[in-house]
Amino acid sequence: MEKKTFDKRVAIVTGGAQGIGLGLTHALLDQGYAVAMFDLNQDEMNAVIERAGADAERLMGLKVDVTSAAQIRDAVARVAHQWKTPDVLVNNAGATRDKRIVKMSEEDWDFVIDVNLKSQFLCAREVIPGMIEQGHGRIVNISSRAWLGGFGQANYSAAKGGVVSLTRTMAIELAKHGITANAIAPGAIDTPILAPLSAEQRGKIMGTIPVGRLGQPADIAHAMLMFASPEASYITGQTIYVCGGRSLSSPSA
């Protein structure tokens, strides 16, 4: 049976059912994209789809371990078969295991590097051939202000610094194919990860942010939509801080 033509722009968001990723998914959905969430939490993805109402037909939730090349390959193929080659890839999935270097195990190091850095390489490698074939594409990689360095975050900072370098290399290699690659370095964002913090701890963090508030997932989404826009064809290889000015202070502040 002949495959039907799909006329929507298609995006993949890794870690797209929770935290910052959920904000990115909603922002793309609001802009008319069909969005495939790659996430380990199937229940969360199902809940996002159930809450979407009439927009649910433009959502797909695929349980994917983004450190597995085979799972990524299968998931990207499913997106392309059901819809079309993705126009946008947002590499958002991330994880932390904060410890001082002398207390950090090799497994702590490998896990954080794999989830935050290797996953972005694997996902990009899988979508790039289709983007080249169609002659356009947008890759948005989520880094972190932590790439500047942070106490107890040797693994996370190294991974997020790697994202910046990976993004620059992607931009150089892919520009001639009409594909851009850019990165976003968020600061402190008000997601469930910060929920356990006391009011005193939250206040201490906000004291290091010049604009005087925590960021929201929507703040990251605004930057992502700019990079993902078809009109952003002359912007590539860039890293933008979305951190309320916190990157202007010392790295570990």
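Biologist: What is the relative accessible area of Gly19?

Modeller: This is a predicted model, in which local features need pLDDT of at least 70, side-chain atom pairs count only at pLDDT 80 or more, and totals for chains, interfaces and linings use all residues. Residues are numbered from 1 along each chain as its sequence is written, and side-chain values use heavy atoms, with hydrogens and water left out. Buried means under 20% relative accessible area and exposed over 50%, with partly exposed in between (1.4 Å probe, protein chains only). Gly19 is partly exposed, and its relative accessible area is 25%.

Biologist: Which residues is Gly19 in contact with, leaving aside its neighbours within four places in sequence?

Modeller: Gly19 is found in helix α1, where helices (H or I, at least four residues) and strands (E, at least two) are DSSP runs numbered from the N terminus. Contact means heavy atoms within 4.5 Å. With neighbours within four places in sequence left aside, the residues in contact with Gly19 are Thr191, Pro192 and Pro217.

Biologist: How many of the residues of β2 are buried?

Modeller: From β2, Ala34, Ala36 and Phe38 point one way, while Val35, Met37 and Asp39 point the other way, and all are buried. The strand is largely enclosed by the rest of the structure, because the number of its six residues that are buried is six.

Biologist: Which residue of β2 is the bridge partner of Ile12?

Modeller: Strands pair if DSSP finds at least two bridges between them, and β1 and β2, which run parallel, are joined by five bridges. Within β2, the bridge partner of Ile12 is Ala36.

Biologist: At which residue does α4 bend by about 45°?

Modeller: Helix α4 (residues 106-134) has 29 residues and reaches 41 Å from its first C-alpha to its last, close to the 42 Å expected, a span given by 1.5 Å times one less than the number of residues. The bend at a residue is the angle between axes fitted to the seven residues ending there and the seven starting there. In α4 the bend of about 45° is at Asp114.
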